[in-house]
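Please load the model in the viewer and keep the selection panel open.

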Amino acid sequence: MSAVSSRPIVLSGPSGAGKSTFLKRLFTEYPDKFGFSVSHTTRAPRAGERDGVEYNFVTREEFLAGVARGEFIEYAEFSGNLYGTTINAVKTVGDKGKICILDIDMQGVKLVKQTDLKPYYISVQPPSIAELEKRLRSRGTEKEEDIVSRLAAAQGEIDYAKEEGTYDEVIINDDPETAYARFKAFINKGKLE
Ligand SMILES: Nc1ncnc2c1ncn2[C@@H]1O[C@H](COP(=O)(O)OP(=O)(O)OP(=O)(O)O)[C@@H](O)[C@H]1O
């Protein structure tokens with residue numbers, strides 16, 4: 001990683017806490033400052049998809065060899081294809097002068113903590129489980145069973161964020177403007193260091 005690279009930002013917290021809402025605003029406000037890493041996948045490229053741009057397209061053997069070498073921060077299988085994020089893909093964003101944002105769950109956070117990426121860790125938390133349930137339902141993007149499993153996972157994410165030293169900043173997403181302002185203030189502070 002070059003000396004000018006900026007530290008990545010890990011954004012975590014229960015599903016429905018408001019991470020995507022924050023990121024959408026941030027990317028709109030600062031289109032050139034932040035970036036997402038390019039994931040690896042074993043699925044075939046679709047028409048128009050370029051290797052290294054939309055995804056890094058690799059064979060299953062290559063993917064699993066990378067996993068065995070400890071190169072992946074996280075990976076998962078969907079519909080028979082593997083998808084994942086490598087440590088190098090995150091470093092590449094930094095090498096291009098952008099701050100890489102990782103939107104990952106607590107399992108991913110624990111894995112990142114074992115790497116040399118040294119990101120800032122931010123957790124977005126709902127004001128309460130009841131409010132989280134309300135938001136997940138009103139978002140209307142998940143089936144009932146998915147809402148139930150997200151709420152079940154939420155308690156673990158909430159408890160993990162309460163552990164000493166897990167996150168550099170924990171933001172309770174109560175009033176959206178206040179919460180987003182805190183999110184931005186933390187990122188700005190980080191950039192000055
Ligand atoms: N402060 C807030 N007050 C009320 N509603 C909010 C607030 N912040 C976000 N929401 C709403 O809550 C819902 C969940 O937010 P969002 O999709 O950003 O969550 P998320 O953490 O990105 O979830 P996932 O990890 O599942 O992608 C959305 O419908 C969003 O508009």
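Which residues come nearest to the ligand? Select S15, S20, T21, R139 and N173, which come nearest of the 14 residues around the ligand; a residue is near a molecule if one of its heavy atoms lies within 4 Å of it. The model is predicted: local features need pLDDT of at least 70, side-chain atom pairs count only at pLDDT 80 or more, and totals for chains, interfaces and linings use all residues. Residues are numbered from 1 along each chain as its sequence is written, and side-chain values use heavy atoms, with hydrogens and water left out.

Next, display the polar contacts (pairs of N or O atoms within 3.5 Å). On S20, a polar side-chain atom lies 2.5 Å from an oxygen atom of the ligand. At R150, a side-chain N or O atom is 3.1 Å from a ligand oxygen atom. For P176, select the backbone: one of its polar atoms is 3.5 Å from a nitrogen atom of the ligand.

Then colour by secondary structure, where helices (H or I, at least four residues) and strands (E, at least two) are DSSP runs numbered from the N terminus. The elements that give two or more residues to the shell around the ligand are α1 (19-29) and α5 (129-139). Of these, α1 gives the most, with three residues.

Notes: Polar contact = N/O pair within 3.5 Å; in protein donor to acceptor, adjacent residues only side chain to side chain.
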